[in-house]
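Visitor: I have a protein chain to look at. Could you walk me through it?

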Amino acid sequence: MTDNELLVAIADIMEQKINGIRTEVGEEIKGFRTEVGEEIKGFRTEVSEEIKGFRTEIKEFKTEVSEEIKGFRTEIKELKTEVSEEINGFRTEMEEFKTEVGEEINGLKEDISSLRIELKQDISELKHDVLILKLDNENNIIPRLQNIESCYISTYNRYKYSVETYETLVADTQMLKEVVAEHSAILQKIS
């Protein structure tokens, strides 16, 4: 293996290790983003389903009340006082229902707020980890790579001019082999 091939092999190994580190960091960041996105999507879906349920219940309730009012129109004149009391009771129930829904919505808002705080904290921690990785690259890995590079470049520079000498040695050795082979054949004939 020549020096150039050795340098290329070492550079490939270093590049693979760096790419491995980059891939791991990228996968961790993607994983974190995916988890956060999934949690937010799940939360949105839950809230949306609850609101749809409330809307459906209100529509059904509204339909029921409308049908009852149609059926009692003739009796309304006679039972005006009773209907008025029932409507007041219905209003009270609606206010209570409104209050309950408002409390649930406030609870959901608090949950969202706490989730935001947690996400901000997680993102802050992730930024800190990325900063540490960048600092490690800058202060540890890159200087080492530069040191390795300078060692191999200086070695390359030392040997690049002696390549012609190596080629001459190979040619001389080949010629010596041929001469020795001829002499051996001559000596074999003599003896």
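Guide: Start with a term: a residue is buried when its relative accessible area is under 20%. Keep in mind that this is a predicted model.

Visitor: What percentage of the residues of the protein chain count as buried?
Guide: Apply the cut-off of under 20% relative accessible area. The protein chain has 191 residues. The part of them that counts as buried is 5%.

Visitor: Which elements make up the protein chain, in order from the N terminus?
Guide: There are zero strands in the protein chain. Its secondary structure comes to four helices. Read from the N terminus, the order is α-α-α-α.

Visitor: Why is the protein chain said to be more spread out than a compact globule?
Guide: For 191 residues, the globule rule gives 16 Å. The protein chain is well over that value, so it is more spread out than a compact globule. Its radius of gyration is 42 Å.

Visitor: What does the C-alpha trace span along its principal axes?
Guide: Take the principal axes of the protein chain. Along them, the C-alpha trace spans about 150 × 40 × 25 Å.

Visitor: How far apart are the mean positions of the positive and negative charges?
Guide: The protein chain has 26 positive charges and 43 negative ones.

Visitor: Which element has the highest mean pLDDT?
Guide: The predictor's confidence runs from 0 to 100. The mean for the protein chain is 83. Helix 2, residues 73-76, has the lowest mean among the elements, 65. The highest, 88, belongs to helix 4.

Note on methods
Residues numbered from 1 in each chain as written. Predicted model: local features only at pLDDT ≥ 70, side-chain atom pairs only at ≥ 80, totals over all residues. Heavy atoms only, no water. Helix = DSSP H or I, 4+ residues; strand = E, 2+ residues; numbered from the N terminus. Rg over C-alpha atoms; globule rule 2.2 N^0.38 Å. Buried < 20%, exposed > 50% of the residue type's maximum accessible area, 1.4 Å probe, protein only. Lys, Arg positive; Asp, Glu negative; His and termini not counted. Charge placed at Lys NZ, Arg CZ, Asp CG, Glu CD.
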